[in-house]
Amino acid sequence: MSELNNTNQEKKEILNSQEKKLIIDGKRLDGRTENEMRELKLSANVLNSANGSSYIHWGKNKIVVGVYGPKECLPKHTADIFKSIIKCTYRMAPFCSAEARDKPGPNRRSIELSKVISNVFEGLVATEAFPKTEIDVFIEVLQSDGGTRCASITAASVALAHAGIPMKDMVVAIACGKVDGKIVLDPSKEEDNFGESDIPMAITVHSKKFMLLQLDGKVKREELEKALDMALNSVETIYKKQRNALENVYSQTLDEEIEAELIMD
Amino acid sequence: MNDKIFLPGEEIIESDSSLKINPVVYYVDEKNRKRFQRLSLLRDNSIIPLKGPYIPRIGDQIIGVISDVKFAYYDVELNVAFSGILPARETKFDFRVGQIISAIVEEIDENLEITLGKPRALRRGTIISIDPTKIPRILGKEDTMLNLIKNKLNCEIIVGKNGYIWLNGENIPHAIEILKLIESQAHVRGLTNKIENMLAEINQELKKN
């Protein structure tokens, strides 16, 4: 609740101030510099019944991802006889943001994100290995604060790897924004809403290919190039968190065993 | 400890030629480099997958459940995306829906549809499902782990490569508990000792009762 009050206060302050500045003395609203990410926590193996699962806590975003499959593709007319279909379902919980929802069910935004995220993973997963099947990726947004599509892709990549589904590469996603005429990394909700531009990107870790590049607003060519560089530089940082999340699933029991062996000796 | 976990996309560097690599864990990219495609573990000079779906091979022994009876064949549920087919000419018995069978994979077509042969009806008993990648660990070297459990708990166990395990006889709850423990800790070193200790404890308890 305190977080919600804070954001509302921050919004009011922005609206009331005559200058309407989002970057003051090189510091952004939450005290970050232009080239700094929000705090990121990732963990895998959070759901019992799913084949693979992960939980991401990125800034104020909280997202759970579950992966099921490969299983029989239903309805059957959606199946492809040569490859597996990736069905991502992005869903925002009714309580995930400060704005009230007008009606239940998928809205324009969640349909778009489901499609966009499915496309990212269709290029990455070795779909030819499982003809006529589907792989379900359920993305549940519990709390949103700008950049949920990037957080979802980063978490879904971990969940798919945890499910043991063959993939060509891991993918990380991060957004850049244009705020007060400056390119900033990982914009928060306020910067996204009151800034000039938002550029979410998904990049494969080893081959450095762009799997997603969306652009909202206007930027110059040089600014876009700067944003791409910024995103590419932060790939390693996010990948380390993904790696840690997957290693932790298996290292916990490994450590216990090391102690037991020492006692036995 | 030379255990290391690999993520999809990482390159396999074969510095040691004695390295045994399970072919399901990698793919070859456009520059002819071997890259991981599954979450894998390096241990004792061999690389094994940590998790993943069952990939059928001809000759695998599998456990299935009859899910439908057709004119000339049976549909068999096999813990994979599609049910396998058991031609009726393979057996002189009439199976009913729900019958547990063990069979051999005889044919796999390009759509990964499985044709079964040499069926054997498993009357009574129960089946549990575990991750197919943990099956080698449950069997142990030359089936030592499985024989250990069978002998100590005095029950029948048949392991299907598809991740279904059939159990019959005495002490089924204890056997299931141990199999689930092996599944969750398959990557842990010294698991055999741990299982031996557990079985000894269970045996003592059973003797008291």
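Arg28(A), Asp30(A), Arg32(A), Arg38(A), Asp145(A), Asp186(A) and Glu191(A) are linked in a network of salt bridges. The model is predicted. It scores ipTM 0.89 and pTM 0.88. Chain B has an average pLDDT of 89, and 98% of its residues score at least 70.

Side chains of opposite charge can pair when their charged atoms come close. Arg32(A) sits in the loop between β2 (27-28) and β3 (40-44) of chain A, and Glu191(A) in helix α4 (residues 189-194), so the pair ties together parts 159 residues apart in sequence. Both Arg32(A) and Glu191(A) are buried.

A further salt bridge joins the side chains of Lys132(A) and Glu113(B), at 3.3 Å from N to O. This pair crosses between chains. Lys132(A) lies in the loop between α2 (108-122) and β7 (133-143) of chain A. Glu113(B) lies in the loop between β10 (100-108) and β11 (114-121) of chain B. Lys132(A) is partly exposed, with a relative accessible area of 21%. Glu113(B) is also partly exposed, at 26%.

In chain B, Lys161(B) forms a salt bridge with Asp60(B), and the closest N and O atoms are 4.0 Å apart. The pair links distant parts of the chain, 101 residues apart. Lys161(B) is in the loop between β13 (155-159) and β14 (164-169), while Asp60(B) is in the loop between β6 (46-49) and β7 (61-69). Lys161(B) is partly exposed, with 40% relative accessibility. Asp60(B), in contrast, is buried, with a relative accessible area of 10%.

Helix α5 of chain A covers residues 221-233. At 1.5 Å a residue, its 13 residues should span 18 Å. The end C-alpha atoms are 19 Å apart, which agrees. Glu223(A), Ala227(A), Met230(A) and Ala231(A) are buried in α5(A). These four cover an arc of only 95 degrees around the axis, so they lie on the same side of α5(A). On the other side, Arg221(A), Glu222(A) and Asn233(A) are exposed.

The structure holds 0 disulfides over all chains. A disulfide is a covalent bond between the sulfur atoms of two cysteines. For Cys150(A), the closest cysteine sulfur is that of Cys176(A), 9.0 Å away. A bond is ruled out because this distance is too far. Cys150(A) is buried, with a relative accessible area of 3%. Cys155(B) is buried as well, at 8%.

Note on methods:
Residues numbered from 1 in each chain as written. Chains lettered and ligands numbered in written order. Predicted model: local features only at pLDDT ≥ 70, side-chain atom pairs only at ≥ 80, totals over all residues. Heavy atoms only, no water. Disulfide = S-S within 2.5 Å. Buried < 20%, exposed > 50% of the residue type's maximum accessible area, 1.4 Å probe, protein only. Helix = DSSP H or I, 4+ residues; strand = E, 2+ residues; numbered from the N terminus. Expected span 1.5 Å × (residues − 1). Arc of directions from axis to C-beta. pLDDT = per-residue confidence, 0-100.
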